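Please read the following points with the sequence and the model open beside you.

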Amino acid sequence: MTDSETLYDVRERTENPEHASVDDVVELVFERAQHPRTYHQDGYLDELMASAVDRYGTSPVRTVIHRVLVDGMPFRTATYNLEMSNIDGVRIGTTAGQFLNELNSQGD
């Protein structure tokens with residue numbers, strides 16, 4: 001399965017109120033970008049997002065997350081018209097997917 005075939009359990013896609021919304025994911029991405037978890041096994045993702053937010057700002061990062069999680073765009077395509085490197089789209093999309101899974105598992 002390629003990243004373009006991945007469908008995420010995000011509330012805007014599933015309409016399931018038990019699933020996290022894209023806004024929940026964006027909020028967590030920005031929170032962890034501001035306060036990276038130093039001694040956590042996934043702390044490197046927080047640092048990647050801090051770099052992406054510093055480099056591009058919050059609006060483009062938010063757009064990539066929405067395009068990936070809700071619109072089902074491939075990570076690299078999600079950067080279209082954002083003056084962002086494709087590899088950063090992959091990093092943002094990967095992190096957003098992982099944070100979404102984390103948020104959804106908290107509700108279980």
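1. A residue is called buried when its relative accessible area is under 20%, exposed when that value is over 50%, and partly exposed in between. Please keep in mind throughout that this is a predicted model.

2. With these words in hand, consider E102 and R32, whose side chains meet in a salt bridge with 2.5 Å from N to O. E102 belongs to helix α5 and R32 to helix α2, so that the bridge links distant parts of the chain, 70 residues apart. E102 counts as partly exposed because its relative accessibility is 22%, a value that falls between the limits of 20% and 50%, whereas R32, at 10%, is buried.

3. A search of the whole structure finds six salt bridges, and the one between D88 and R55 has a distance of 3.0 Å from N to O. Since D88 lies in helix α5 and R55 in helix α3, this pair ties together parts that are 33 residues apart in sequence. D88 is buried, with a relative accessible area of 4%, and salt bridges that share partners join R55, D88 and R91 into one network.

4. Another salt bridge is formed by D46 with R37, where the closest N and O atoms are 2.7 Å apart; both D46 and R37 are buried.

5. Helix α4 covers residues 58-69, twelve in number, and its reach of 16 Å from the first C-alpha to the last is close to the 16 Å expected. Among its buried residues are P60, V61, V64 and I65, and the buried residues of α4 pack against α1, α2, α3 and α5.

Methods:
Residues numbered from 1 in each chain as written. Predicted model: local features only at pLDDT ≥ 70, side-chain atom pairs only at ≥ 80, totals over all residues. Heavy atoms only, no water. Helix = DSSP H or I, 4+ residues; strand = E, 2+ residues; numbered from the N terminus. Expected span 1.5 Å × (residues − 1). Buried < 20%, exposed > 50% of the residue type's maximum accessible area, 1.4 Å probe, protein only. Contact = heavy atoms within 4.5 Å. Salt bridge = Lys/Arg side-chain N within 4 Å of Asp/Glu carboxyl O.
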